[in-house]
Amino acid sequence: MTGALDSGATGAARLEVEDLSLSFGGLKALRGVSFSAEPGSITALIGPNGAGKTSMFNCISGFYKPQKGSVRFDGRDVTRMHPPERAALGFARTFQNIALFRGMTVLDNIKLGRHAHMKTGLLQALAYWGPAQREEMELRAEVERRIIDFLEIDHIRNMPVAALSYGLQKRVELARALAMRPRILLLDEPVAGMNREETEDMARFILDVKEEWGTTILMVEHDMGMVMDISDHVVVLNFGEVIARGLPHEVQADPHVTEAYLGSGDPAALMARLKGETGTTGNSGAPTDDRREDVA
Amino acid sequence: MLSFTRRTLLALSASAAIATALPAAAADDIVIGGSIPLTGVFAFAGVGIEAGMQDYIKIVNEAGGLQGRKLRLAYEDTGYKVDASVAAFNKLTSQNTIHLYYGDSTGFAKTINGELDRMGTTIMAGASFATELNDPKAFQYQFMAGPDYSEMTGILLEYIAKEKPGARIVLVNSDTEFGRDPIAATKARASELGLEVVEEIITPPTAVDVSTEVLKLRRARPDYTIFHGYVLAPLPEFMTQAKQLGLETKFMGTFWSMDASIWSKVGEAADGFMGVMPYRYYYDEADNAPMLDRIREMRPEYQSTPYMQGFLTAMLFTEAAKRTLEAGQELNAPNLKAALNSIENFDTGGIIGVPISIPGNSIPVGRIYRYDASAQQMLPASDWISVQE
Amino acid sequence: MSDLLFFFEVTLAGLGSGALLSLTALAFVLIYKATRVINLAVGEMLMLGGYLFFAFAAGFGLPAWAAIPLAIAGGGLVGAVVERGLIRPMLGESPIAVFMVTIGLGSILVGLVELIWGTDPRALPAFMGNTPIFIGEAYVSRKIAIAFAVAAVVIAVFLVLFRYWRGGVALRATATDQAAAYSCGINVPGVFSLAWVIGCGTAAGAGVLLGSIGGISPAMGVFGLSALVVVIVGGLDSVAGALVGGLVIGLIEAWAGTYLGGEFKLVTTFGLLLVALMIRPYGLFGTTEIERL
Amino acid sequence: MKIGTAKHSYQADEALLTTRPQRLWMGLFALGLCIAPFMLDNYWLYLACLVAINVASATGLNILTGYTGLVSLGQAAFMAVGAYTVGWMQLRLGTPFLLNIVAGGIVAAAVGLLVGLPSLRVKGLYLAIATIAASIILHFVFVNWQSVTNGNSGLTLTPATFLGTPLTDYKQLYFVFVPITALMVLGAANLFRTRVGRAFIAIRDRDISAEVLGISLLRYKLTSFAISSFYAGVAGGMWAYFFRVVTPESFPFVYSIFFLAAIIVGGMGTILGAILGAVFMTLVPELLRFGIDWLTPVLPNAAAMLSPVRTIVFGLLIVGFLIFEPKGLAEIVQRTRRYFHLWPFKK
């Protein structure tokens, strides 16, 4: 057990999605999507609203069962696995609308991330005795050392999350995902609704995670500036299909992509977004997909 | 939290002491404790019981008490809930020396009897006529001022067997401890007497709609229907529907559904209801019933059957205490119970129409009364019947 | 008497008491539909209706035709007061918290009734007549037959009102989407009040019927539990579900009570409830939606 | 704010009582609990025992409802399972007291596990109603499983024997019940320092995201049901030794509502809340009894008002706390603490 705790990252994993199809009744959310995220790299999944990005994420983390296709994790087929089992393998994610546990402090939220890797049983927990206590202490030490310091959230560790600003909540979510010992980190719109400064901070943290933890990162993001800045690889979805993929600058130049975006909203804004202006996804902090998230 | 409790306790017990000190309580009072249901589903009984006990105590005290010692009733309302009854018991016994206690329910009696055995200071009577309690071995310090429930139905059966040998009987009982109490004994006794139990109906305790049960009754065509485990509802509805259907069955009940004032509110449908009653009614004009005269003198208006029960219980408590004191013995449970059991051919002043003896825990005598809707009274339908063995 | 006739009679009796359950369930449904509140105090509202009738008819000596509307209006008034005083402040709280408020309310109502009228069970003044009704050879208790007829008429009226009356349409609109109803100019708080007034009035009316059959007592609110089963089985937001569910439960209770024994009534109903919850958690006719905390 | 530098170790920071005044108060409280039986008369000892039983059961319900967010109206029925188990073992097997109590808890936990199964499919109000159904079915079993439960008459227990002494009076019972309850409360507090407790809270706050974070809903919802019922079973076992008669009518449905009311009034989802709530809700009706004592000279029929007034006050407390102080007494205590922290000589 102690050994396990030291190995914060037991190596980045390779994620492969192959020919994935998902439909709700008659609505086809994903049609034969294939892509891969290479170990230790940042892959961005982009596309206009309704393109199927969140559905993709939900298939990867196990909420949705795709009708066809597979998800492979380091070559292992995980398509039929339940979310908790995937978590134990090293899947970690953040949510589009923050899904922190409002009844807990920041520290407890982060600790919760480690759940799948801990062993304390019910009776040990009731007694808080021996191994249980040791495990908690080791967790605390590691969280303090590797996560709280790293993400610069020392000052808020005992605050209830409900009292935090939006940007900080997003950061705590990242912290919780890191506590999950991710081998692949799924970030669902990590900077949505943030101001420029917060966005830059977050971009820096994501890069730091990649460098220091060496984790594979897959993110959905609307902020093109950030996507272009930090991604190693970009996959573009539209109407549930992959319409482009490649290096950031290649994708940026792809006419299909421009067309997809232009077709879906106010052209000026979208052009601006493509050029890398920030803060375009709205700053309500409560993205539109509320209900879908709940059903998920 | 603790300081709160303690402080409150001190304040409360001080003021409680003042409050109870008001009616000039003397240290050597003989205290009758009581867990009495003045509220809740059994309030109608508790209110009468309390009045009856108070009145008898007044009579004794006006005559100079017991060897100069006054009687006093110290009681609490229980709402007919066992835990509240136990709480009241503990509160009262903590504040007073209590040798005589009135308890309100079977559950309470069973709960507290262990405590009584341990304390050895107190005997108990109460509102429960449960068959189980009528066992001097298991409940050595318990008694009841009348027949137990099985003895009550036994008296009814005795009457039926005489009126109509071989009669067909339906038993209707509520699905409670109270309701199910006498079923087995009743069936056994009926077959001994050559009566036929043709149907048993169990109703949920809160039954409001009895149509299906009435249909069962109609199919069984009994001569007599014996209810047990109810105060009033759903008896009137049974009787109304049976009348509509032209059923000939006679409806009978046991002590707790025998009060005349309850039935007077039902009206015409109540006419002809019969049941077993161990005491005389308030208005009974019997010779040699000085206590009834006395009650009517103290209370000009009708007093309920629970009143009589309370009155008689207080009388028996007093008699036991009196006999113990007269024998120069200490007031404790064994002495009091022995004194009580020494009661033989005792005249209750007419509350019960025949002299009584209490060899065990009950007084197995009673009489059949029938409700007359025009007179709004329960009138005697038989002589006194004893099922003492 | 043939077994078949007996079965037929039992079935009729079951339908009769089922109609009362439907009526009570309707009170649940009306309130739930508009306000998403499960009002566990419906049983106590029903009891209160019985006592109000008792007060008007026996206390003030009013004739039944005057006492019944007064009892229903009294129930509605209490509903309005409760909605404004207790339920509206809870707007936006978790459904469980509001549910618990109604449990507390039930306790308060029981206590008040005990304080005012005492705890003794009482019989209501008779107003239904006594002549038995026979369908062919089968006997039906007159009170039960009347209860059935009244419940049937009331439910039919509600079904029509929902469809055609403006208030009914507003209620349905509010039930579907509160925010949208607001933006269409529907007075949503008004609809909430209306639902509580009508719901509690209906419960009070059911209480008068129930009380005239079995008498009244502060404990008669337990009937609400059986009605709760009806709405869970029928669907919390479905008037038709209340109707069908009530009849189904009434029949099952009658059959179980007759052929198994009275003690099986409640356990059969609730056993059925568990099965229903496992198979169709949203009821036979309810909208597919699982309540979230 | 507790800054890391103020603590010598994470261990100290993770302790249940982190400040010196807290430890002082707890010490005083424990001392008070030890000497209380020598100060109290029989009636207050009776109440103290009853409070201990109710605290144990309310703490269990709080784990399920307050922390895991699964509403149960079946706590009294689980207590009944524990009480019957204890009664049966005491009478038929004559096994030792502590073993019986633990067995009562385990059997109740098993039943709770079964009753918890619908929680995988239904939530919220529907689950609450499923637990009502379970209580009614259990009641039916108690009435009809004659050979074990003795039907309507129920079981009459002999006193418990502990270390060779029969536990007959309330002082003796106090010295057994209070430590048991204290242990159970401590266990509950410990639970929420570990991953198990965190998982419960996560399920309450957002069960869907909890699943993605690696928490098996199936397992933890059922675990929560089992623990909660275990607590109820142990409390029911103590209840059985306390009243010594267990009948189907001993644990009515309102007793389940009582526990829900206790955690609402005390404060859901805090250890302190369940304790305060159970103490408060047990003692308030008793204090009303004294109120009636005072009123009697003025209002002759005051005694007849006690039970309705209790019923009304019970309802008012539920409604009042939900509307005006949804976080319960525990929040009031916290506010008071914060207020005193502003004093110059704090800590």
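Helices (H or I, at least four residues) and strands (E, at least two) are DSSP runs, numbered from the N terminus. With that in hand, here are the close-ups.

This is a predicted model, in which local features need pLDDT of at least 70, side-chain atom pairs count only at pLDDT 80 or more, and totals for chains, interfaces and linings use all residues. Residues are numbered from 1 along each chain as its sequence is written, chains are lettered from A and ligands numbered from 1 in the order in which they are written, and side-chain values use heavy atoms, with hydrogens and water left out.

**View 1. Chain A and its secondary structure.** Chain A carries 13 helices and 10 strands. Buried here means under 20% relative accessible area, exposed over 50%, and partly exposed in between (1.4 Å probe, protein chains only). By that rule, 56% of the 296 residues of chain A are buried. Accessible areas come from the Shrake-Rupley method with a 1.4 Å probe, and for residues only the protein chains shown count as cover. The accessible surface of chain A comes to about 11,500 Å², with 51% belonging to carbon and sulfur atoms. A contact means heavy atoms within 4.5 Å. Take the contacts in chain A between residues at least 6 apart in sequence: 69% of them join residues at least 24 apart.

View 2. A:D19 sits in strand β1 (residues 15–24). Although A:D19 is not a glycine, its phi is positive, at about 55°. A:D19 is partly exposed, with a relative accessible area of 35%. For the second case, look to the loop between α7 (166–179) and β7 (184–188) of chain A, where you will find A:R181. Phi of A:R181 is near 50°, again a positive value in a residue other than glycine. A:R181 counts as buried because its relative accessibility is 8%.

**View 3. The surroundings of A:T43.** This threonine, A:T43, belongs to strand β3 (residues 42–46) of chain A. Leaving aside residues up to four places away in sequence, A:T43 touches A:S36, A:A37, A:E38, A:I217, A:L218, A:M219, A:H233 and A:V235.

**View 4. Where chain C meets chain B.** At this interface, 31 residues of chain C are in contact with 25 residues of chain B. Together the two chains bury about 2,700 Å², 58% of it on carbon and sulfur atoms; buried area is the accessible area (1.4 Å probe) that two parts lose on being put together, summed over both. C:F6, C:Y139 and C:E263 supply 19% of the area that chain C buries against chain B, more than any other three residues.

**View 5. Salt bridges between chains C and B.** A salt bridge is a side-chain nitrogen of Lys or Arg within 4 Å of a carboxyl oxygen of Asp or Glu. Chain C and chain B share 5 salt bridges. One of them joins the side chains of C:E9 and B:R218 (2.2 Å, N to O). On the side of chain C that touches chain B, α1 (3–35), α5 (142–164), α8 (188–214) and α10 (239–260) each supply at least two residues. The largest share, 6 residues, comes from α1(C).
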